[in-house]
Amino acid sequence: ETGKAVRKIPDIASGTALVIICLVYVVFMGIQGDYLFSAFLGVMPEGFTYAEYARRGFFELCQIGAWNLILLGCAGIFSKTETGKNKVFRIMAVCLSVLTLMLLLTAASKMVLYIWAYGLTVKRVLTMVFMIWMGFVFVCVMIRQKKEISLVRLCVMVGAVFFSLLCIFPVERWIEIYNT
């Protein structure tokens, strides 16, 4: 009953908002293409150090990823039609997830460029593992548009597995081996 009571936003309004946001991301990626995709070519933009470039990419990704998850969650909760029955929402959720994954790949490429230049540290490993987990979350969001899965439960469990593996494996020894 509560779920039905909060479904007040017309589907066309939530769909239009998601379309506009996806278009803004596409325009942004087009305008900022040199900055975003230069790390794939092993090139750093002028005026940045490796650390600044990687850190900025990571924190931009974290903000965008969090906002996109909040946006998709709110659109799914407050739209009049349930998400499984709302075709426009499902398509736009996949589009927004793909765009977020593209930004994730750019952030990961910046981090890889940083690692190539200065080697691994524990923080860099944790950053990469977090980005892998975030990629998993958005892939699950896309899968959920076709198949009913327990998104939160699955993502929390995979996050717990990643954390446990980081605690069990000798990460510091592997870093030492990689750096030598």
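Is Val161 buried, partly exposed or exposed? Val161 is partly exposed, at a relative accessible area of 46%, where buried means under 20%, exposed over 50% and partly exposed in between (1.4 Å probe, protein chains only).

Colleagues, this is a predicted model, in which local features need pLDDT of at least 70 and side-chain atom pairs pLDDT 80 or more, while totals for chains, interfaces and linings use all residues. Residues are numbered from 1 along each chain as its sequence is written, and side-chain values use heavy atoms, without hydrogens or water.

Val161 belongs to helix H7; helices are DSSP runs (H or I) of at least four residues, numbered from the N terminus. Together with Leu165, Ile168, Phe169, Trp174 and Ile177, Val161 makes a nonpolar surface patch of about 580 Å². Such a patch joins nonpolar side chains within 5 Å, from residues with over 30% relative accessible area and no salt bridge. H7 (151-168) and H8 (171-179) each give two or more residues, and H7 gives the most, with three.

I turn now to charge. A salt bridge places a Lys or Arg side-chain nitrogen within 4 Å of an Asp or Glu carboxyl oxygen, and the count is three. In helix H8, Arg173 and Glu176 lie three residues apart and pair at 2.9 Å. In helix H4 (residues 50-78), Arg56 and Glu60 are four residues apart, bridged at 3.1 Å.

Lys110, in helix H5 (residues 87-118), is buried yet has no salt bridge, with Glu60 4.2 Å away. The side chain of Lys110 does make a polar contact of 3.3 Å with that of Tyr35, the term meaning a donor and acceptor pair of N or O atoms within 3.5 Å, with residues adjacent in sequence counted only if both atoms are side-chain atoms.

Terms used:
Patches are made of residues with over 30% relative accessible area and no salt bridge: like charges are joined within 9 Å, nonpolar side chains (Val, Leu, Ile, Met, Phe, Trp, Tyr) within 5 Å. Accessible areas come from the Shrake-Rupley method with a 1.4 Å probe; for residues, only the protein chains shown count as cover. Lys and Arg count as positive and Asp and Glu as negative; His and the chain ends are not counted.
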